[in-house]
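Here is a short report on a two-chain model.

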Amino acid sequence: MKLSAVPAAVLLAGAAAAALLASRAISAGAIAAVLLGVCLRAPVGRRRLYLVGAVSTGLGVFVLSPFLWIEGSSALWSGPTVPVLGRVDVTAEELEIAALNGLRLAALGLAFAAYALLLDHDRLVAAAGFARRSALAVALATRLVPTLERDAFGLAEAVRGRGVRVEGARGRARLLSPLVAGSLERASALAEAMEARGFGRAGATRAPRPAWGVLDRAAVGAAAGLVVAGALWL
Amino acid sequence: MALARVEGLTYAYPGSEAPALVGVSLELREREAVALLGPSGSGKSTLLRALAGLVPHFHGGQFAGRVEIAGRDTRKSRPAELAGTVATVFQDPEDQVVMTVVENEVAFGLENLGTPPGEIWRRVEDALAAADALHLARRRTAELSGGELQRVCLASALALRPRLLLLDEPTSQLDPEAAEILLRQVAGLGAAVVLSEQRVGRALALASRVLFVEAGRLLFDGGREGALEWLAENRPFYSGVYASDNSVADEPAGAAPACRLVGVSFAYRPGAPVLERVDLEVRRGEVVVLEGPNGSGKTTLAKIASGLLEPAAGRVERVGRAGYLSQDPGRYLVCDRVIDEAALAVGGDRGLAQRALAQVGLGWAADRHPRDLSSGERERLGLAAVAVAEPDLLVLDEPTRGIDPERKAEIGTWLAAYAAGGRGVLVATHDRGFPAHRRVSLAGDSSPAQSPTSTAESHALDSSDAVLAC
């Protein structure tokens, strides 16, 4: 039995909200770990970019924020005094808060990764009711990430095929402009194709989809439970 | 009453100095099959867009004259309102896919047109079957090959049951057999069809009427027999001369190899081999064409030959530098001017770049922005951008996609001369008319060779001194 797209999206949103509301690092960490497990069901090639993004963002917050906050008295390390920031030090309390915030952010990123990698966005668009255009825009924007990754790889490969070296961050940065221009061109072509296929015309209908099952209803209930638990107990 | 009527249509894109169409007048009748021929950038795609109402609604620009579809003036009816009466399959399938799953993609247009929900899935199934794509129904669109996507795009158009079907190079990424099947299906639809094609034989096999457009003007409008006479007299490259002669004289004998692949195997993911123990040799002085159906591994083998992919097993020997032209011309648009794009691989040497552009018939475009070029012109720019550095092994993946027969013949001749200079040329293509010294066929099962599989050993190509800087 497979979870439908809308209940799955609601469940992921519930998990992300619970992680943001959680006040203990272990709770946020547990939610992040579960979401990581879910993401690992996606094919290796597709999940890599999303997982690197989610984990590195969380890690970045954990590593950097203790140096920027002034919190707690249990100093673990004392550094120099920096203009504007004041004295740079790291306390046990700062590390605890950094871990919580890092895990919250990682959980949020992983929930988005699971949404992008595993959900049937077409079903979400179909279920969007009056906001169908907005849902389609979100679905197309989500698809932009893997498309951009594929285009970037293809562009770099084509440049290599010409015997031209792409060196370091500066060389890669030079590819950014053609990559963005290519995306805009593609977006324009897609908009044209959508218009030619009647998008935006009055009186649109929907293809029939299977009704929600017990598992789908349970998932929506679990999502609500997660939010409440995140606010009260986690 | 005519299904479509075009009267004195003159149109210029916004910011363009020259009009894309000049004084075009024609009528299309119900159920007739029309081949739309003409050189790259001649206005064929613009004419199709005008028939779909996308010109001027979507593109803006200056529009004079009148286009009527089923009695509706396209200036007063938006393209979305004409959808269903008209359906369009555009040139690049990747740029027209909206949904993530194939069956939903085909259903998209039907939903927009307000088709009764109970009918939608049945029509989706019928359309996929007609496009020979029923087996793809549950696949993700992002995982499909170019040829598979073309079938899905055609199915999406067929599902609308249009009275007028506009096809802009709809088989450019299909192997000849698949293209023939697809066009046969189109011919049996009962809709009026306008087919823009650079593979003239395919278009003429379907059409009872031919339109020839050049520099935005309709030069010929008549029946197929009359068209063959007119083409033979006025535009001989379109009359089949090129397609009938696909050999190149002076095959080199005993020349040293530019590249040798022995027992090469490759898989993108475990358990799904694309190539298994394949042998291939390209000698200096020869043009070798690599043929095979969609999914047979031509692109993979071409990339291995050029050093962009390392084989999982087998041996690759290459002498000197290799250059590779990808089948997506959009990947050769890095700089802001055509001349800079062509000069990228030679450290900005504009003299060499100008010569390379002239060789592919783009000398006139040196100062233009690469994104202002048509699809076929972009393909030629890619060729100039790779060949300008004169690599010892030139590997081209579908270099004739969207290129008109005259330019194609010129490129064939030029490649033969390039090879005669002591270099090897490997061309992966569906184009059976492409001239070559030798044709190697890669079967769907990647033709295991007799040589035993060995461990991977690849002699890396010498890298150029050029770095990325426009």
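## Domains, packing and interface

In chain B, 19 residues of domain 1 are in contact with 19 residues of domain 2. This is a predicted model. On the domain 1 side of that contact in chain B, two elements give two or more residues: α7 (176–187) and α10 (241–244). Helix α7(B) supplies the largest share of this side, with three residues. By class, the domain 1 side of chain B that touches domain 2 holds nine nonpolar, seven polar and three charged residues.

The domain assignment places domain 1 of chain B at 4–244 and domain 2 at 257–458. Their centres, taken over C-alpha atoms, are 29 Å apart.

Chain A is also assigned two domains, domain 1 (11–119) and domain 2 (120–200). Here four residues of domain 1 of chain A are in contact with seven residues of domain 2. The domain 1 side of this contact in chain A has three nonpolar residues, no polar residues and one charged residue. The table sets out the domain pairs.

| Domain pair | Bounds | Distance between C-alpha centres |
|---|---|---|
| Chain B, domain 1 and domain 2 | 4–244 and 257–458 | 29 Å |
| Chain A, domain 1 and domain 2 | 11–119 and 120–200 | 28 Å |

### The fold of chain A

Chain A has eight helices and two strands. Read from the N terminus, their order is α-α-α-β-β-α-α-α-α-α. The radius of gyration of chain A is 22 Å, while the globule rule gives 17 Å for 234 residues, so chain A is more spread out than a compact globule. Its C-alpha trace spans about 65 × 60 × 30 Å along the principal axes.

Of the 234 residues of chain A, 35% count as buried. Take the contacts in chain A with a separation of 6 or more: residues 24 or more positions apart account for 72% of them.

### One helix pair in chain A

How do α1 and α4 of chain A pack? Helix α1 (residues 5–21) of chain A meets helix α4 (residues 92–118) of chain A at an angle of about 175 degrees. The axes of the two helices are 8 Å apart. The cut-off for roughly antiparallel is an angle over 145 degrees, so α1(A) counts as roughly antiparallel to α4(A).

From α1(A), the residues in this contact are A:A9, A:L12, A:A15, A:A16, A:A19 and A:L20. From α4(A) come A:R104, A:A107, A:L108, A:A111, A:A114 and A:Y115. By class, the contact of α1(A) with α4(A) has 11 nonpolar residues, no polar residues and one charged residue.

### Where the chains meet

How many residues does each chain give to the contact between chain B and chain A? Chain B gives 57 residues and chain A gives 43. On the chain B side, five elements contribute two or more residues: α3 (79–82), α4 (102–112), α5 (117–130), β15 (322–325) and α14 (375–387). The largest share of the chain B side, six residues, comes from α4(B). Sorted by class, the side of chain B that touches chain A has 33 nonpolar, 16 polar and eight charged residues.

Terms used: Residues numbered from 1 in each chain as written. Chains lettered and ligands numbered in written order. Predicted model: local features only at pLDDT ≥ 70, side-chain atom pairs only at ≥ 80, totals over all residues. Helix = DSSP H or I, 4+ residues; strand = E, 2+ residues; numbered from the N terminus. Rg over C-alpha atoms; globule rule 2.2 N^0.38 Å. Buried ≥ 20, exposed ≤ 12 C-beta atoms within 10 Å, placed from the backbone. Contact = placed C-beta atoms within 7 Å. Domains from an automatic or database assignment. Nonpolar A, V, L, I, M, F, W, Y, C, P; charged D, E, K, R; others polar. Axes fitted to C-alpha atoms, helices over the stretch in contact; angles between N-to-C directions. Parallel < 35°, antiparallel > 145°, perpendicular 65-115°, else oblique.
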